[in-house]
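Here is a short briefing on one protein chain. Please look at the sequence and the model first; the notes follow by topic.

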Amino acid sequence: TGLGIVGGDQNGNYNPTATLTRAEFCVMIANALTGGTFDRTLFEGTITPFTDVTGHWGEAYIAYCYANGITAGTSATTFSPDATLTSAQAAAILLMALGYNQNGEFAKNGQFELNVTRWAQQTGLYNDLSVSASAGISRENTAKLIFNALTEAVPVSYSASFDIYYNANGSWTNGVQFAYDETLGFKNFDLVYKTVTD
């Protein structure tokens, strides 16, 4: 809340145990990736292939996420904005925001949930979380998942030649090395959660 990523309802409640919709998560992602300063007017009316988001309250946020390649639809023409978001879907969106899935590893062997869970654990997104990949994710677990994405992982680039991820400001020979000043939390919010010595 302090970073401007999540908020409550019209009654001032966060409803921590309630599940989240796909559109609601796009709001959080847009806020997280823009440092809490997302301007929805810049994406209102943006064309997407999704026929079920036109006129939806979350249309601009969904368009932003789609335009940045960090979310996909439930089919080629639908996004299902009001459908319950699963833990695996939430993790996949955050991982794509960090630069993963460049070689389609999430869909490998038709094991989306298993593959996403492996990458989420490997990158630290699931630290201190106990979630079911196929179940709807609660608002409290969503907050922790986003916080982990901001503080436990770093954005990556991908080398197709070597099929390897590496730090965006580094070299593929170094692989993915954690550095707090490369996290989205530090870059977008000046958030220092871990130091070099941690």
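**A buried cysteine**

Cys65 counts as buried because its relative accessibility is 0%; buried means under 20% relative accessible area, exposed over 50% and partly exposed in between, with a 1.4 Å probe and protein chains only. The model is predicted, so local features need pLDDT of at least 70, side-chain atom pairs count only at pLDDT 80 or more, and totals for chains, interfaces and linings use all residues. Residues are numbered from 1 along each chain as its sequence is written, and side-chain values use heavy atoms, with hydrogens and water left out.

**Cysteines**

- Cys26 is buried too, because its relative accessibility is 1%.
- The whole structure was searched for disulfides, and zero were found; a disulfide here is a pair of cysteine sulfur atoms within 2.5 Å.
- Cys26 is in no disulfide, and its nearest cysteine sulfur, that of Cys65, lies 3.9 Å away.
- Seen from Cys65, the closest cysteine sulfur is in Cys26, and 3.9 Å is too far for a bond.

**Fold and dimensions**

- The protein has six helices and two strands. Both are DSSP runs numbered from the N terminus: helices are H or I with at least four residues, strands E with at least two.
- From the N terminus, the order of elements is α-α-α-α-α-β-β-α.
- The radius of gyration is 16 Å, which agrees with the value near 16 Å for a compact globule of 198 residues. It is taken over C-alpha atoms, and the globule rule is 2.2 Å times the number of residues to the power 0.38.
- The C-alpha trace spans about 45 × 35 × 35 Å along its principal axes.

**Packing and surface**

- Of the 198 residues, 42% are buried.
- Among contacts between residues at least 6 apart in sequence, 63% join residues at least 24 apart. Contact means heavy atoms within 4.5 Å.

**Thr21**

- Thr21 sits in the segment before helix H1 (22-33).
- Thr21 is buried, because its relative accessible area is 17%.
- Beyond its neighbours within four places in sequence, Thr21 is in contact with Pro81, Asp82, Ala83, Thr84 and Leu85.
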